[in-house]
Amino acid sequence: MSSASSSSSPPPAVDAGQERVMAAAKSLAVSKNAADDMMRFLSTYDPRLIPLSPPEAGEEAPDRGDDGDDDEEELIASVEDVIRRCNSSSSSFSGGMTNYLYAVDDAIAASAHSARAAAAVHAAMPRLEEEARSLLSASSSPRRLSLSSSDDLATGDASPPRHDDALSPAAAASVRGVADRMLRAGYGPELAQVYVAVRRDALAEAVAALLGVDAVSIEEVLRMEWAALDQRMRRWSHAVRAVVRSFLAVERRLCDEVFESDEELGRECFADVARGCVLQLLGFADAVAMSARATEKLYRTLGMYEALADVRPELEALFAGADDNGADARDFFAGEVASAVAQLGRTVRLTIEEFGHAIRGESSRKPVHGGEIHPMTRYVLNYCGLLADCRGTLDAVLGDAAAVGLDDDTNAAAAGATTPSARCMRELLTLLLRKLDDKARLYDDAGLQNIFLMNNLYYVVQKVMDSPPLRELLGDDWLRRHRGQIRQYEAGYLRASWIAVLSGLRDDGGAAAAAAQRALRDQAKSFGAAFEEMYRAQTAWKVSDPQLREELRIAVSERLIPAYRSFLGRASRLPARHVKFSLEDLENYVLDFFEGVPKFVR
């Protein structure tokens with residue numbers, strides 16, 4: 001019975017203290033602040049670990065008498081010993097950092113009513129400053145990031161280079177632990193000074209690596225050769241997005257983590273860290289806006305405007321805080337960015353206006369050989385194509401202002417444009433076509449005048465058709481009207497060059513037989529001489545586009561061959577020596593027209 005009774009008896013009661021240990025162990029397994037929890041738990045067993053913070057208002061501190069004073073003195077002595085030993089060591093805290101930080105915690109807690117504890121806190125701060133500097137510097141060497149070489153700025157969809165967190169999670173947590181102690185001890189200014197010095201240099205180095213160049217002064221930008229400036233402007237447009245969306249965003253997150261217990265100081269530190277970097281970027285933009293305006297800079301300047309306007313809301317948001325805290329920093333940077341955007345926009349507008357005046361004022365008096373495409377036509381169309389790629393940004397820059405600020409007739413030619421960029425394109429092309437009319441008058445031959453105008457307008461129309469943005473801006477109606485103009489130039493060429501030649505092959509009729517024979521001989525001789533001259537001249541004329549060249553040859557053949565065939569029918573009785581060309585000869589000779597190489601009839 002006794003054994004049965006013994007086997008069925010309940011298990012021995014668990015000691016109350018053991019239950020507390022087991023419960024605490026379970027809670028510590030899931031606690032995010034295990035170390036602090038452990039200290040609080042152990043303080044129930046070891047009087048030395050009791051927090052020494054003063055009692056709350058209204059509470060009465062437990063009176064432990066002399067024993068309590070002795071325990072506190074013993075704890076402060078222990079704290080002083082830990083701080084003294086760590087301060088005397090030149091090595092990093094490594095494994096002893098936790099003990100050091102807890103010693104600082106105890107010193108801070110006791111410093112309100114203990115001069116020795118306050119002195120211990122003061123003694124610990126230089127070492128904490130050094131540890132913060134070391135942790136912030138250890139992971140601060142930036143990787144050299146490459147920028148995309150794409151020049152397509154129209155979409156702005158390209159992702160900036162990835163920049164990982166400024167510090168590793170472990171380093172960030174350690175910095176936060178050090179910062180928390182310094183802030184609680186009232187050493188926020190010293191912490192801020194260390195933080196700003198380290199992170200500002202790290203950010204400057206990262207941005208310099210991203211741009212691939214060191215910072216340059218405004219004077220250096222103003223003196224810079226275009227090739228070097230072009231490269232810097234292109235890289236800047238990519239870099240400003242990367243700096244705002246990657247580097248500065250990372251720095252803001254780090255500030256928020258480190259200064260979690262003092263958000264206002266954190267915002268001030270971030271503004272100080274970012275100030276030099278942001279002002280360096282904006283200073284380059286200001287220098288570009290101040291430099292001599294030139295058409296070749298137009299596309300790059302527009303790209304810089306687009307990039308800065310694109311990141312402007314994000315940049316301003318980085319300096320904002322909850323409940324409008326940090327408004328001063330936000331307003332400062334917002335003002336600086338707004339000024340840079342405005343200066344770049346003004347430069348773009350003035351450059352476009354000067355571009356228009358340059359087209360109108362082009363005064364060279366030397367005609368292009370063979371009526372070929374004028375270099376000005378290619379130049380203007382290339383820039384119009386680039387501007388059309390940035391039409392959204394161009395709309396924002398131009399707004400309701402006249403695109404190139406020219407006379408009423410030019411603006412009237414742009415009527416019907418639905419956007420500022422469309423109006424700008426129409427005005428620029430209207431100026432170009434008017435100037436080409438002037439250039440055509442440099443040719444003495446009316447036929448060559450029409451060849452010149454046809455060449456250039458055909459090139460303009462083809463460039464517009466091949467560029468979806470340009471075609472969208474100018475519209476199908478514009479294309480139809482100017483394709484019709486090309487047909488008019490073709491008709492003008494045929495009329496000027498061939499009416500006189502072909503009229504010499506007409507049948508006058510009614511003449512006597514002998515007189516008719518003499519007339520046919522004279523017609524054959526006159527036509528032969530006229531065609532030889534035509535062949536010599538029009539083989540030297542140049543029609544660059546193969547399709548247009550073939551269309552012109554067909555148009556000539558359709559008028560020349562039937563007229564000559566009719567003449568040969570009437571001149572069939574003439575001796576062969578009087579008829580220099582056969583139909584096949586003429587067909588072959590016409591194939592040599594418009595090649596740009598003068599030839600002579602064989």
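Colleague: Let us start with Asp 272: what is its relative accessible area?

Modeller: In this predicted model, Asp 272 has a relative accessible area of 33%, so it is classed as partly exposed.

Colleague: With which residue does Asp 272 form a salt bridge?

Modeller: Its partner is Arg 275, and the closest N and O atoms of the two are 3.5 Å apart. Arg 275 is partly exposed as well, because its relative accessible area is 31%.

Colleague: Where do Arg 275 and Asp 272 lie?

Modeller: Both belong to helix α11, where a spacing of 3 residues places them about one turn of the helix apart.

Colleague: And in helix α19, which residues lie about one turn apart?

Modeller: Arg 480 and Asp 477 do; they are 3 residues apart within α19, which spans residues 468-503. Their side chains meet in a salt bridge with an N to O distance of 3.9 Å.

Colleague: Is Arg 480 buried or exposed?

Modeller: Arg 480 has 51% relative accessibility, so it counts as exposed. Asp 477, at 43%, is partly exposed.

Colleague: How many salt bridges does the structure hold?

Modeller: There are 35 salt bridges in the structure. One of them joins Asp 105 to Arg 181, with the closest N and O atoms 2.8 Å apart.

Colleague: Which helices hold Asp 105 and Arg 181?

Modeller: Asp 105 is in helix α5 (residues 97-110) and Arg 181 is in helix α7 (residues 169-184), so the pair ties together parts of the chain 76 residues apart in sequence.

Colleague: Are Asp 105 and Arg 181 buried or exposed?

Modeller: Both residues are buried.

Colleague: Which residues are linked with Asp 105 and Arg 181 in a network of salt bridges?

Modeller: The network also includes Asp 180 and Arg 184.

Colleague: Changing topic to rings: how many aromatic pairs does the structure hold?

Modeller: It holds 24 aromatic pairs. One of them is formed by Tyr 443 and Phe 452, whose ring centres are 5.3 Å apart; their planes meet at 45°, so this pair is classed as tilted.

Colleague: Is Phe 452 buried or exposed?

Modeller: Phe 452 is buried, at a relative accessible area of 1%. Tyr 443 has 6% relative accessibility and therefore also counts as buried.

Colleague: What about Phe 527 and Phe 581: at what angle are their planes?

Modeller: The planes of Phe 527 and Phe 581 are at 85°, so the pair is edge-to-face, with ring centres 6.5 Å apart.

Colleague: Which parts of the chain does that pair link?

Modeller: The pair links distant parts of the chain, 54 residues apart. Phe 527 is in helix α20 (residues 513-540), whereas Phe 581 is in the loop between α21 (546-570) and α22 (583-590).

Colleague: Is Phe 527 buried or exposed?

Modeller: Phe 527 is buried, with a relative accessible area of 4%. Phe 581 has a relative accessibility of 4% and is likewise counted as buried.

Colleague: Which residues form one aromatic cluster with Phe 527 and Phe 581?

Modeller: The cluster is made up of Tyr 493, Trp 498, Phe 527, Phe 531, Tyr 535, Trp 541, Tyr 564, Phe 567, Phe 581, Tyr 589, Phe 593 and Phe 594.

Colleague: Where is Phe 531?

Modeller: Phe 531 is in helix α20. At 0% relative accessibility, Phe 531 counts as buried. Its C-alpha atom is separated by 9.6 Å from that of Trp 498, a residue 33 positions away along the chain.

Colleague: Now charges over rings: which ring has the charged end of Arg 378 over it?

Modeller: The charged end of Arg 378 sits over the ring of Tyr 459, 5.2 Å from the ring centre. Arg 252 lies over the face of Phe 270, at 5.8 Å from the centre of that ring.

Colleague: Which residues line the largest cavity?

Modeller: Among them are Trp 236, Val 240, Leu 248, Val 278, Leu 308 and Leu 315. By class, the lining has 11 nonpolar residues, no polar residues and no charged residues.

Key: Residues numbered from 1 in each chain as written. Predicted model: local features only at pLDDT ≥ 70, side-chain atom pairs only at ≥ 80, totals over all residues. Heavy atoms only, no water. Phe/Tyr/Trp six-rings, centres within 6.5 Å; stacked < 30°, edge-to-face > 60°. Buried < 20%, exposed > 50% of the residue type's maximum accessible area, 1.4 Å probe, protein only. Helix = DSSP H or I, 4+ residues; strand = E, 2+ residues; numbered from the N terminus. Lys NZ or Arg CZ within 6 Å of the ring centre and 35° of its normal. 1 Å grid on protein atoms, 1.4 Å probe; cavity = no way out; pocket = protein on both sides within 12 Å on 5 of 7 lines; lining within 4 Å. Nonpolar A, V, L, I, M, F, W, Y, C, P; charged D, E, K, R; others polar. Salt bridge = Lys/Arg side-chain N within 4 Å of Asp/Glu carboxyl O.
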